[in-house]
Amino acid sequence: MKIFSAQQIYQADKFTMEKQQITSDVLMEQAATKLFEWIHSRLRGTSVNIQLFCGIGNNGGDGIALARHLQEHDYSIKVHVVNYSEKRSKDFLLNLERLKDRKIWPDFINEESGFPEISPNDIVVDAIFGIGLNRSPDDWVGQLIAHINASQAFVLSVDIPSGLPTNRAPWDPDYVIEASYVLSFQVPKLAFFLPGTGVYVNQWEILDIGLDPEFLNGEEVAYELIGKPELWPLYKPRLKFSHKGTYGHALMVGGSHGKIGAVQLASNACLTSGAGLVTVFVPQCGYHSLQTALPEVMVLTDKEHDFITEVNMPFVPETVGVGVGIGTNEKTITAFKNLVKYFKEPMVVDADGLNILALQPKLLKDVPALSILTPHPKELERLIGAWKDDFEKLEMAKAFSTKHDIVLVIKGAHTVTVYKDKGYVNTTGNPGMATAGSGDVLAGVLTGLLAQGYEPLHAAVFGVYLHGLAGDISASQKGYEALKASDIVGNLGEAYKQLLSPPETENAERE
Ligand SMILES: NC(=O)C1=CN([C@@H]2O[C@H](COP(=O)(O)OP(=O)(O)OC[C@H]3O[C@@H](n4cnc5c(N)ncnc54)[C@H](OP(=O)(O)O)[C@@H]3O)[C@@H](O)[C@H]2O)[C@@H](O)CC1
Ligand SMILES: [K+]
């Protein structure tokens, strides 16, 4: 699903009105009707107090129009106009008149003394600011937002939590609505998925307000939200007349004394994700445990006992996954340098492999084009430098990816895969996956997909989703706390099955 910028949403608006020969008021009415239907289908006339806080722009207009529908269906409502500017929008004013025609008189809030009491049992509709927010809310408006947050009422935000900008971090983190639920128009907003701004969005859903599909389908976007429908075309079905050679031979290079488990998890994941053959290259201390734990995996050892000093390959693998548990011993760094220089196909670099690249950035020019790097935030910062907010981080990641022609997988609650000027936001995964070895499993999955011939960008987007889905299945079986990385490997097969299950269940899978 495409993620549009605010500017693109305004363009979609304009295009729709011109093509369908409708006015902006009609579009607002469609939006308000969808909001009303969503609420009504859940409340079914329940007697609950609904307090609507409406700004003076089109987001406020949506709220005012919604109030009219709620009143027509006998809901108990209280409408507040948050009077933060004299510049009221045309459709806001039109809907305010319609409300007055029905003898509903909103109160106008101009300062703190006018804040209403909000009971924890009320429902708050937040229609103060939408995607038009372009500067910090005035103090008294910020205080109103804080007052709503402190109320413990259920807060339903229209389009986007008020105070949350679409393209930067909030000016003041206390001046943003903490939404219980966001009903967002037509397309999800990038801010919902980034760690600094996603915290304001507990749950979200898209309402189709009828923006024109011709525009939506034709527009190029900087970010895409990845769900099942985006993955189906990437999947490579197993063929009847295939053999293990068809699915590639992967080499996993990693491990050091006390960290053989990392490479064990990664190679197990690599094989389980479907690689035809997997060989592991480890220091000698890893030999027995690997041969015992993973009979399907072949093991090569370094001449050194505790760490890797030179990677000798008696065969040419389809791909290499390097870095998990490898450490940063000087001799290991030399081995890593030689490996990235010698190997010419896209590879996966994780963990200490990334730290070595951060220590010696000139090695980046030797990393094969289209290789996949899988940093967590700290590793990313070592690679690309510090950022001011998540939006800048993504721009810096795009520049880095373009400069070095590599695929960057930025791990987090919503892992974002970046290649050149485009980002792919993942929708699977859960907090239980913040556990030792989870990243090693991902590195293994991605290496396994590369071995099977997936294009590197596809391998990254597909693998991140699959890994998260296996984590979600694990969480449903064990809960968050008890979830271990080996459970994720154990559920990769079930994840494939769910991923390929028929489209009927698709909506339920979406967030
Ligand atoms: N296609 C769609 O999705 C549809 C979208 N619709 C709805 O429209 C919403 C966008 O509406 P909008 O453009 O009127 O902006 P909104 O957010 O209401 O702000 C109002 C104005 O406030 C101003 N302003 C900004 N920051 C400020 C601040 N800190 N303190 C004070 N003032 C500030 C700024 O004006 P300025 O003063 O900069 O000229 C801004 O224009 C969208 O979220 C959705 O709910 C639907 O109606 C139908 C179709
Ligand atoms: K809002």
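Predicted model: local features only at pLDDT ≥ 70, side-chain atom pairs only at ≥ 80, totals over all residues.
**Notebook: a ligand shell and a sheet**

I began with the shell around ligand 1: its residues divide into 14 nonpolar, 13 polar and six charged.

Residues are numbered from 1 along each chain as its sequence is written, while chains are lettered from A and ligands numbered from 1 in the order in which they are written.

Next I asked which residues come nearest to ligand 1. Of the 33 around it (C-beta atom, placed from the backbone, within 6 Å), they are Gly 57, Asn 58, Asn 59, Gly 130 and Gly 132. Two or more residues each come from α1 (6-20), α2 (24-43) and α3, and α3 gives the most, with five. Helices are DSSP runs of H or I with at least four residues, strands runs of E with at least two, numbered from the N terminus.

Then I turned to the sheet. I found seven strands in an open sheet, ordered β4-β3-β2-β5-β6-β7-β8, with parallel pairing; strands pair if DSSP finds at least two bridges between them. At the edges I noted β4 (107-109) and β8 (204-207), each pairing on one side only.

Last, I looked at one pair: six bridges join β2 (residues 49-54) to β3 (residues 76-82). Phe 53 has His 80 in β3 as its bridge partner.

How values were computed:
Nonpolar A, V, L, I, M, F, W, Y, C, P; charged D, E, K, R; others polar.
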